[in-house]
Amino acid sequence: MRTPHAATETATPHPEGAASVENHPTAGNAANAAATPGARTRSQLQRRKRIVQAAAALASRGGVEAMQMRTVAERAGVALGTLYRYFPSKMDLVVAVVSEEIDLLESSIQRRPPSSPTASGRAVDVLMRAARGLMREPELADALLRSLIMTEVETPFGDRMARLLLRVAGNGLTVELATEDQLTLADSLASVWVHELLEMLRGLRTYDQIQHRIEIVSSRLLVDF
């Protein structure tokens, strides 16, 4: 994934800090060197989070078209130039919103792991949990899924879902330990899930129908896991 990186920002010295450095040069410089990077990092993370939340809120009401960079910047309370330092393009911003959704899913799974005794059952649990999360904001889900399918920007979506499926279906199986066949099966199941979500968003499937279809596909693909 091409991960967006926030540009390093130069901190403006605080008047009191300047006086301290003048009186105690060595101690002041050491204190600033120790404190400034951490504070700067926290500030950057908070700013990045505001931007992603602003983009998600706009997309949930008007799709990716509503995620105009200037509008996102205004809603997040940052300068347009700052936004572009964090996210060079709209699709980088879309990728960030999707990544946050996957983060939430992974946190949910850590708190409440799938309990099914079968690999297929555990995979279905995770995929349908993810579907419920995305469908709480159907316009956002539709915008994100369609954009990720059409974009040329490298995204973490498919890879992260496949890794997640490997882990839950294989009881902690990692990419490094998985066979090529297992990787292919997990990736294929994730692709089926994305297709079924799009069909539901088009009104061609109900939630129960896609669950039934994913259960069938999962039971066949993961039978030898």
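Which residue forms a salt bridge with D103? The partner is R160, and the closest N and O atoms of the two are 2.7 Å apart. A salt bridge here is a side-chain nitrogen of Lys or Arg within 4 Å of a carboxyl oxygen of Asp or Glu.

The model is a predicted one, in which local features need pLDDT of at least 70 and side-chain atom pairs count only at pLDDT 80 or more, while totals for chains, interfaces and linings use all residues. Residues are numbered from 1 along each chain as its sequence is written, and side-chain values use heavy atoms, with hydrogens and water left out.

The structure holds seven salt bridges. Helices are DSSP runs of H or I with at least four residues, numbered from the N terminus. D103 is partly exposed, with a relative accessible area of 37%. On this scale, buried means under 20% relative accessible area, exposed means over 50%, and partly exposed lies in between, for a 1.4 Å probe and protein chains only.

A second salt bridge joins the side chains of E196 and R213, at 3.1 Å from N to O. This pair also links distant parts of the chain, with E196 in helix α9 (residues 180–201) and R213 in helix α10 (residues 207–221), 17 residues apart.

The side chains of E199 and R205 meet in another salt bridge, 4.0 Å from N to O. Both E199 and R205 are buried. A network of salt bridges links E196, E199, R202, R205 and R213.

R213 leads on to helix α10. This helix has 15 residues and reaches 21 Å from its first C-alpha to its last, close to the expected 21 Å; the expected span is 1.5 Å times one less than the number of residues.

Which residues of α10 are buried? They are I210, I214 and S218. These residues are on the same side of α10 because they cover an arc of only 65 degrees around the axis, the arc being that of the directions from the helix axis to the C-beta atoms. D208 and R220, on the other side of α10, are exposed. The cover over the buried residues of α10 includes α6 (119–135) and α9.

Notes:
Helices (H or I, at least four residues) and strands (E, at least two) are DSSP runs, numbered from the N terminus. Contact means heavy atoms within 4.5 Å.
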